[in-house]
Amino acid sequence: MEDLRPFAQSYLVEGDLEGRPFSHQARALVYARAKGDLDKHPMGTELDVYSDEYEWLSHSVVPDANAPEEWRLSIGEGTCKQPYSSSLLNISAMSFGSLSARAIEALNAGAAQGNFAHNTGEGSISRYHRMHGGDLIWELGSGYFGCRAPDGGFDRGQFTDNASSDQVKMIEVKLSQGAKPGHGGVLPGEKVTAEIAEARGVPIGKTVNSPAAHSTFSTPIEMLQWLTELRDLSGGKPVGIKLCVGQPHELMALGKAMLETGMHPDFITVDGAEGGTGAAPLELSNSVGMPLREGQIWVRNMLVGTGFKDRVKIAASGKIHSGAGMAKAFAIGADWCNAARPFMFALGCVQSMECHTGHCPTGVATQSAWRQRGLVVEDKAPRVARFQRQTLYSLREITIAMGLRSPWEIEPRDMRERVNGARSDAIDRIYSFVEPNALALDPNSTRLAHHWHAARADSFRRAA
């Protein structure tokens with residue numbers, strides 16, 4: 001009964017809005033868009049519009065139907081020799097090993113068909129990432145897979161070899177992830193197959209540790225110096241960081257280091273504590289890390305307050321599965337969005353909650369060859385591309401309805417949230433949004449002054 005419970009719960013017991021992490025309604029929307037089925041919903045919203053589950057975007061009486069058919073985002077412009085023209089919705093970090101070979105193939109083939117990017121996850125670039133030529137964002141975790149020295153440290157030569165591939169468009173340094181922020185990992189030797197060892201650059205059958213912290217830096221300035229080195233070693237490709245926001249003063253420390261040195265990442269990916277595809281200790285998933293909305297506002301405020309927002313792009317990642325979710329992320333400062341689990345749904349994932357056991361019934365999150373047989377790459381790749389395209393179409397429809405020409409014009413005042421059943425307000429009256437350069441010029445005028453004064457450019461530790 002324990003084994004059958006997730007299926008019975010999802011298909012027999014739960015209502016359309018009750019399933020978690022994703023409701024049946026959310027999954028059904030992804031399935032419909034991936035398959036090209038009708039994605040409309042009759043009879044109005046099923047949400048209680050007078051409860052805190054309802055929030056909305058303000059539409060206009062003069063919608064602008066002349067908005068561009070497609071938007072692209074230039075990342076690294078003015079800093080990099082090879083800036084990247086990015087889609088506004090890309091595949092978030094999912095490693096080969098966590099996902100099956102066929103799942104990685106289908107995701108990358110879909111990315112190639114749809115002209116968007118596929119993040120490798122920290123498991124590095126496998127042969128399955130390379131087979132279809134889709135754009136890659138290479139993620140580097142603390143294990144430095146793909147550029148790992150024998151002692152577990154960073155190998156510059158291996159990094160240069162992999163980063164120079166034409167398929168690799170950007171490099172993302174993972175500081176933490178929403179599923180298990182501040183936590184390292186252990187890959188047991190029995191799971192290190194020949195293919196996984198090849199991708200990660202580790203011995204076959206040997207247990208591999210990923211420490212909680214990076215060994216290449218220990219201070220904000222050292223981190224910026226290393227990011228600059230990675231940009232140079234890659235031939236001038238955009239380099240960014242990914243984190244689930246934790247201690248606010250550490251984020252402010254990065255801002256102070258940027259002001260002091262003039263160095264900066266090309267982008268910051270904000271991962272919400274909503275979690276993701278990676279299995280994690282339950283206590284970490286339930287009790288550690290900042291949710292996406294608050295984390296994204298902190299990152300936005302740091303960049304705006306230090307004057308770096310025009311040079312450092314923000315990616316939002318955390319349960320975004322729809323055009324409405326994207327529009328809400330843009331309202332609080334996102335420049336583009338990433339999604340992981342929704343792309344798994346596009347592959348056929350049924351949220352069986354078996355990702356960590358190797359018993360995934362749909363062949364998405366397993367290394368079992370017979371379980372993967374039902375995941376036909378030629379069938380699933382177009383679904384990946386179609387889901388992404390239809391979601392961006394939804395974002396465009398919302399942007400037009402709001403009377404705007406691009407999603408970057410959506411502002412905090414355009415989004416409203418319920419305070420209680422009788423009152424709502426624009427989110428810029430609920431959360432604090434600092435003015436440009438306020439932290440650099442007059443931090444005491446902001447509500448972030450306490451955290452700013454606790455930050456140091458030479459250390460992530462709180463100032464005494």
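I took a contact to mean heavy atoms within 4.5 Å. With that settled, I looked at contacts in the protein chain between residues at least 6 apart in sequence, and found that 71% of them join residues at least 24 apart.

I noted that this is a predicted model, in which local features need pLDDT of at least 70 and side-chain atom pairs count only at pLDDT 80 or more, while totals for chains, interfaces and linings use all residues. Residues are numbered from 1 along each chain as its sequence is written, and side-chain values use heavy atoms, with hydrogens and water left out.

I looked up the secondary structure and found 16 helices and 15 strands in the protein chain, taken as DSSP runs (helices H or I, at least four residues; strands E, at least two). The radius of gyration, taken over C-alpha atoms, is compared with a globule rule of 2.2 Å times the number of residues to the power 0.38; the protein chain has 22 Å, close to the 23 Å that the rule gives for 464 residues, so it is as compact as a globular protein of that length.

I then checked burial (buried is under 20% relative accessible area, exposed over 50%, partly exposed in between, with a 1.4 Å probe and protein chains only), and buried residues make up 55% of the 464.

Last came disulfides, pairs of cysteine sulfur atoms within 2.5 Å, of which the count is zero. The sulfur of Cys147 lies 18 Å from the closest cysteine sulfur, in Cys80, too far for a bond, and Cys147 is buried at 0% relative accessible area. Cys355 is in no disulfide either, with the sulfur of Cys349 nearest at 5.9 Å, and Cys355 counts as partly exposed at 37% relative accessibility.
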